[in-house]
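Here are my notes for anyone opening this one for the first time. Keep the viewer at hand and take the points in order.

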Amino acid sequence: FDEYVNTNIRLKGIKIKYNINQYFLRKVSKKYNLPLKRYKIPINENYFETIDTADKAYYLGFIAGDGNVRYNKITGGYTLRIELNRKDRKLLEDFRSTIKSSHNIVDRDRSSEKYDTRFCSYIEISSKKLVFDLVKNSVGFNKSKKLELPDINHNLMRHYIRGFVDSDGCWH
């Protein structure tokens, strides 16, 4: 771990360079109280703090339909992830631009028993503030089982619904 402590290399770099399991690395780094070196990607973390524009209401609805928020017990991080069919990648690019971020949009091919081969794109943003603001505005950790309408200005509700419908959202 001298290389980690005395250089700018992060745990991910150590993991790749020496082909070491990331969970083992985290366990050892906690055991020896090594500080995590994090690269902070710029983002407007306050974007969903107050839903006061049509764009914010739209993206809140879109995330309610096609996004998910989660807490990672291993890393202690909070993450927003939005995954779409690759043909809808432009929506991710627009969202990324709107929140003034440079997070990567990843393209991948996914196939499983549940899905036929599916070409998708996703963005994953780690931000406790962003996630908690989404939760405060009714996009919770278990939204597929319980999703409530957010408490936003009734003039913005149509934009929220439009975002929800533009995603894979439906209700009954």
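1. How many bridges join strand 1 to strand 2, and in which sense do they run? Strand 1 (residues 67-72) and strand 2 are joined by 6 bridges and run antiparallel. Strands count as paired here if DSSP finds at least two bridges between them. Across this pairing, Val 69 stands opposite Leu 80 in strand 2. The hairpin made by strand 1 and strand 2 has 4 residues between the strands, and Gly 76 there takes a positive phi near 75°.

2. Some ground rules before we go on. This is a predicted model, where local features need pLDDT of at least 70 and side-chain atom pairs count only at pLDDT 80 or more, while totals for chains, interfaces and linings use all residues. Residues are numbered from 1 along each chain as its sequence is written, and side-chain values use heavy atoms, with hydrogens and water left out.

3. Now the overall layout. The chain has 7 helices and 4 strands, and along the sequence they follow the pattern α-α-α-α-β-β-α-β-β-α-α. Helices (H or I, at least four residues) and strands (E, at least two) are DSSP runs, numbered from the N terminus. Of the 172 residues of the chain, 38% count as buried; buried means under 20% relative accessible area, exposed over 50%, and partly exposed in between (1.4 Å probe, protein chains only). Among contacts between residues at least 6 apart in sequence, 60% join residues at least 24 apart. A contact means heavy atoms within 4.5 Å.

4. In strand 4, Ile 123 is the bridge partner of Ile 82. Strand 2 is largely enclosed by the rest of the structure, because 8 of its 9 residues are buried.

5. What does its side chain join by a polar contact? The side chain of Glu 124, at 3.0 Å. A polar contact is a pair of N or O atoms within 3.5 Å; within protein, one must be able to donate a hydrogen and the other to accept it, and residues adjacent in sequence count only if both atoms are side-chain atoms. Arg 81 also lies over the face of Tyr 122, at 3.7 Å from the ring centre. For a charge to sit over a ring, NZ of Lys or CZ of Arg must be within 6 Å of the ring centre and within 35 degrees of the ring normal. Leaving aside neighbours within four places in sequence, the contacts of Arg 81 include Asp 66, Asn 68 and Arg 108.

6. Next, the aromatics. The structure holds 7 aromatic pairs. One of them is Tyr 59 with Phe 95, a tilted pair at 5.1 Å centre to centre and 55° between the planes. Rings of Phe, Tyr and Trp (its six-membered ring) pair if their centres lie within 6.5 Å; planes under 30 degrees apart count as stacked, over 60 as edge-to-face and the rest as tilted. Since Tyr 59 lies in helix 4 (residues 54-66) and Phe 95 in helix 5 (residues 89-98), the pair ties together parts that are 36 residues apart in sequence. Tyr 59 is buried at 9% relative accessibility, and Phe 95 is buried at 2%. Both rings belong to one aromatic cluster, formed by Tyr 47, Phe 48, Tyr 58, Tyr 59, Phe 62 and Phe 95.

7. Is Ser 127 buried or exposed? It is buried, with a relative accessible area of 3%. Its side chain makes a polar contact of 2.8 Å with that of Glu 45.

8. Asn 19 has a positive phi of about 55° although it is not a glycine, and at 73% relative accessibility it counts as exposed. Ser 138, also not a glycine, has a positive phi of about 75°, but Ser 138 counts as buried at 19%.
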